Amino acid sequence: MRLIRLLLICVSFLVVLINGPAIEAGAGLVGNKFLFVVHVAGLYAKAPDQYLEMPVHGVTKSQVADTWHVPREGDRWHEGQDIFAKRGTSVLSATDGYIFRIGENKLGGQTVSVIGAGGRIYYYAHLDSYAPNMAAGDHVTTQTVLGYVGNTGNAAGGPTHLHFGVYAREGALNPLPLLTDRPEEKNTATAPRIERAKKQR
């Protein structure tokens with residue numbers, strides 16, 4: 001009996017020794033997920049943002065035509081705002097928060113979702129490409145480039161634009177009343193960061 005116990009301890013030690021890097025990486029992932037949950041819980045405790053910065057570089061609120069609840073194919077309503085710009089224009093986070101999801105879907109094409117104060121989800125769709133080195137769980141500010149304007153998903157073949165959606169617990173909200181113009185782009189702290197992000201593509 002003692003010999004079997006000793007043998008099991010030796011085998012367990014060897015398994016841990018051989019799989020050490022994988023176990024360590026797994027522990028890191030669990031730790032990261034735990035931190036993300038803590039951050040999100042903190043966001044839920046805050047009041048939702050009353051104002052959002054324009055998510056497309058160089059576009060002002062007055063240039064956005066209201067596309068909220070315009071009828072869409074398949075008895076759908078448009079749950080967001082389309083912000084038109086040239087392909088490759090920087091898409092920035094409209095608020096501080098954490099990247100909730102990065103991925104593709106049939107309607108939105110290449111998308112990024114950010115969770116912000118009050119647990120609201122900010123949805124950026126039809127991206128041409130993502131900003132480099134971005135991952136779910138990353139902290140973002142209103143200066144963070146998320147991606148670049150395109151026409152992926154069901155916008156393929158149409159004019160390039162960002163579909164910007166805002167989702168609260170009660171459902172989709174019209175983003176247009178919340179949007180505000182960004183400070184002047186001549187701000188030396190802002191413009192170079194956007195340009196650097198473009199060059200890394």
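**Side chains that connect parts of the chain**

With a relative accessibility of 77%, N133 counts as exposed, where exposed means over 50% relative accessible area, buried means under 20% and partly exposed lies in between (1.4 Å probe, protein chains only). The model is a predicted one, in which local features need pLDDT of at least 70 and side-chain atom pairs count only at pLDDT 80 or more, while totals for chains, interfaces and linings use all residues. Residues are numbered from 1 along each chain as its sequence is written, and side-chain values use heavy atoms, with hydrogens and water left out.

N133 sits in the loop between β8 and β9 (139-140); the strands named here (E, at least two residues) and the helices (H or I, at least four residues) are DSSP runs, numbered from the N terminus. Its phi is near 55 degrees, which is a positive value in a residue other than glycine. A positive phi, near 70 degrees, is also found at H126, again a residue other than glycine, but H126 has its place in strand β8 and is buried, with a relative accessible area of 6%.

A pair of aromatic rings is described by the distance of the centres and the angle of the planes. Rings of Phe, Tyr and Trp (its six-membered ring) pair if their centres lie within 6.5 Å, and the pair is called stacked if the planes are under 30 degrees apart, edge-to-face if over 60, and tilted for the rest. By this rule there are three aromatic pairs. One of them joins Y123 and Y167, whose rings are edge-to-face, at 6.4 Å centre to centre and with 75 degrees between the planes. Because Y123 lies in strand β8 (residues 121-130) and Y167 in strand β11 (residues 161-168), this pair ties together parts that are 44 residues apart in sequence. Y123 counts as buried at 17% relative accessibility, whereas Y167, at 26%, counts as partly exposed.

The rings of Y124 and F164 have centres 5.2 Å apart and planes at 45 degrees, so this pair is tilted. It links distant parts of the chain, with Y124 in strand β8 and F164 in strand β11, 40 residues apart. Both Y124 and F164 are buried, and together with Y122 they form one aromatic cluster.

Charged side chains make links as well. A salt bridge is a side-chain nitrogen of Lys or Arg within 4 Å of a carboxyl oxygen of Asp or Glu, and by this rule the count is two. In one of them, the side chains of R87 and D128 meet at 3.1 Å, N to O. R87 lies in the loop between β4 (81-84) and β5 (90-92) and D128 in strand β8, so the pair ties together parts that are 41 residues apart in sequence. R87 is partly exposed, with a relative accessible area of 46%, and D128 also counts as partly exposed, at 25%.

The other salt bridge joins R182 and E53, with the closest N and O atoms 3.0 Å apart. Since R182 lies in the loop between β13 and α3 and E53 in strand β1 (residues 52-53), this pair ties together parts that are 129 residues apart in sequence. R182 is buried, at 12% relative accessible area, and its side chain reaches the backbone oxygen of M54 at 2.5 Å and that of S93 at 3.0 Å.

Note on methods
A polar contact is a pair of N or O atoms within 3.5 Å; within protein, one must be able to donate a hydrogen and the other to accept it, and residues adjacent in sequence count only if both atoms are side-chain atoms.
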